[in-house]
Amino acid sequence: MANPGDGIIRITSDDTSAPAVDEVLAAQQWAAGAFPGPDGSTAWRRVGSGRTSPLHMSMLTMALAGAVGAFLGWAVLEPFYSDEGESLLMRLGLPVICVWAAIGLFVGLADALVSRNFARAALGGGVGLLIGLVGGAVVYWIANVVFGSAVRVAVLALRPDRPTTSILIAISMARAIAWAVAGTTAGIGPGIALRSGKLVVNGLLGGVVGAFIGGLVFDPIALAVGGTEGAVSRGVGFTVTGLAVGLMIGLVGELAKEAWIRVLTGPLAGKQFVVYRNPTYLGSSPKCEIYLFKDPDVEPQHAAIHQVQRTYEVEDLRSRTGTYVNGRPVAGRQRLLDGDQIQIGSTVFDYSERRTGGASQQ
């Protein structure tokens with residue numbers, strides 16, 4: 001046996017099989033960018049790759065969904081609309097109700113479709129449509145009373161001898177207030193479908209603000225494209241309103257989020273998931289809040305993110321292939337820090353949280 005003090009380093013078989021060796025190797029692989037993306041690049045190199053910001057993607061998706069929904073809702077009932085007199089459909093308010101219901105449908109579909117969770121998309125869209133129809137019918141009459149009262153007050157205050165511009169501004173403000181009431185049903189479908197109070201509040205605020213903006217610009221836009229009467233003016237006005245509603249729902253959601261993860265690799269690369277439920281489950285089951293499909297190394301319920309007061313922790317749910325944070329396996333639960341990278345199966349996420357006075361520091 002050699003002298004332990006002779007300066008020679010000896011490695012035994014017990015040393016090579018120690019758990020610490022696997023952890024060091026995993027960390028080295030992570031630092032070298034050993035987790036490949038779908039295009040052969042690595043997760044490490046893909047961070048900050050200059051792709052479209054998830055914030056912009058989310059807002060763009062919701063804005064497009066709102067605009068498409070409003071346009072289709074208008075297109076369905078426009079043939080029954082009459083400029084010469086009020087039909088039964090007009091008196092019942094169905095053209096406007098149909099627009100709000102269609103906005104609710106497409107807003108409910110949008111985010112889940114981007115995530116390829118078709119079961120959730122059907123649920124969110126269906127609930128959004130139902131709330132848009134039933135809730136829209138209720139708030140339509142309230143909004144109609146608000147609009148009529150606001151217009152009468154404005155006309156009495158301005159008097160008929162005031163310039164047309166003043167009357168137009170007054171009517172636009174009246175419509176904005178009335179449509180803000182109607183907008184309460186536009187974005188709450190996904191939150192109700194997923195039983196999330198945070199999503200309900202975000203959708204409510206976004207719907208109200210977006211509808212107010214849409215109502216404010218509806219009459220000026222309609223006048224600019226050919227007068228306040230006619231199919232084109234209504235079509236453009238409703239579409240812009242839907243776009244404003246979707247945009248505001250997306251913006252409110254972004255401003256209200258506290259923690260989120262962005263997918264760096266796999267078929268959902270670039271997609272952002274907001275942690276809005278406690279716990280938030282990650283797995284290959286469509287019932288998970290973060291649905292990772294077509295990955296044989298991901299369990300139906302693979303991991304969970306827990307909110308603990310003002311911090312977040314990731315937990316591996318005894319999965320076969322494990323959950324990793326910055327290349328190290330998670331044993332039980334592990335506190336997450338802003339900038340951490342999480343790997344589940346072949347999917348790598350970048351974890352972020354809003355920086356506040358109590359936010360974690362690396």
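Two strands pair if DSSP finds at least two bridges between them. On that basis, V308 stands opposite T311 in strand β6. The model is predicted.

**Strands β5 and β6**
- Strand β5 (residues 303-308) pairs with β6 in the antiparallel sense, over 6 bridges.
- Strand β6 (residues 311-316) is mostly covered, with 5 of its 6 residues buried.
- In a regular strand the side chains alternate between the two faces of the sheet.

**Further strand partners**
- β6 also pairs with strand β9 (residues 333-335), in the antiparallel sense and over 3 bridges.
- Within that pairing, V314 has Q334 of β9 as its bridge partner.
- β5 has strand β3 (residues 280-283) as another antiparallel partner, with 3 bridges between them.
- Here T280 stands opposite I305 in β5.

**Helices α10 and α11**
- Two packed helices are described by the angle between their axes and the distance between the axes.
- For helix α10 (residues 197-224) and helix α11 (residues 231-256), the angle is about 150° and the axes are 7 Å apart.
- Angles over 145 degrees count as roughly antiparallel, so α10 and α11 are roughly antiparallel to each other.
- The crossing of α10 and α11 is right-handed.
- The contact of α10 with α11 has 17 nonpolar, 11 polar and 1 charged residues.

**Helices α6 and α7**
- Helix α6 (residues 94-114) has 21 residues and, at 1.5 Å a residue, should span 30 Å; its end C-alpha atoms are 30 Å apart, which agrees.
- R116 follows α6 and has a positive phi, near 60°.
- G125 lies in helix α7 (residues 118-158).
- Buried means under 20% relative accessible area, so G125, at 0% relative accessibility, counts as buried.
- The C-alpha atoms of G125 and L105 are separated by 4.4 Å, although the two residues are 20 residues apart along the chain.

Conventions: Residues are numbered from 1 along each chain as its sequence is written. This is a predicted model: local features need pLDDT of at least 70, side-chain atom pairs count only at pLDDT 80 or more; totals for chains, interfaces and linings use all residues. Side-chain values use heavy atoms; hydrogens and water are left out. Helices (H or I, at least four residues) and strands (E, at least two) are DSSP runs, numbered from the N terminus. The expected span of a helix is 1.5 Å times one less than its number of residues. Buried means under 20% relative accessible area, exposed over 50%, partly exposed in between (1.4 Å probe, protein chains only). Axes are lines fitted to C-alpha atoms, for helices over the stretch in contact, and angles run from 0 to 180 degrees between N-to-C directions. Angles under 35 degrees count as roughly parallel, over 145 as roughly antiparallel, 65 to 115 as roughly perpendicular and the rest as oblique. A crossing is left-handed if the near helix is turned anticlockwise from the far one by less than a right angle, and right-handed if clockwise. Ala, Val, Leu, Ile, Met, Phe, Trp, Tyr, Cys and Pro count as nonpolar, Asp, Glu, Lys and Arg as charged, and the others, Gly among them, as polar.
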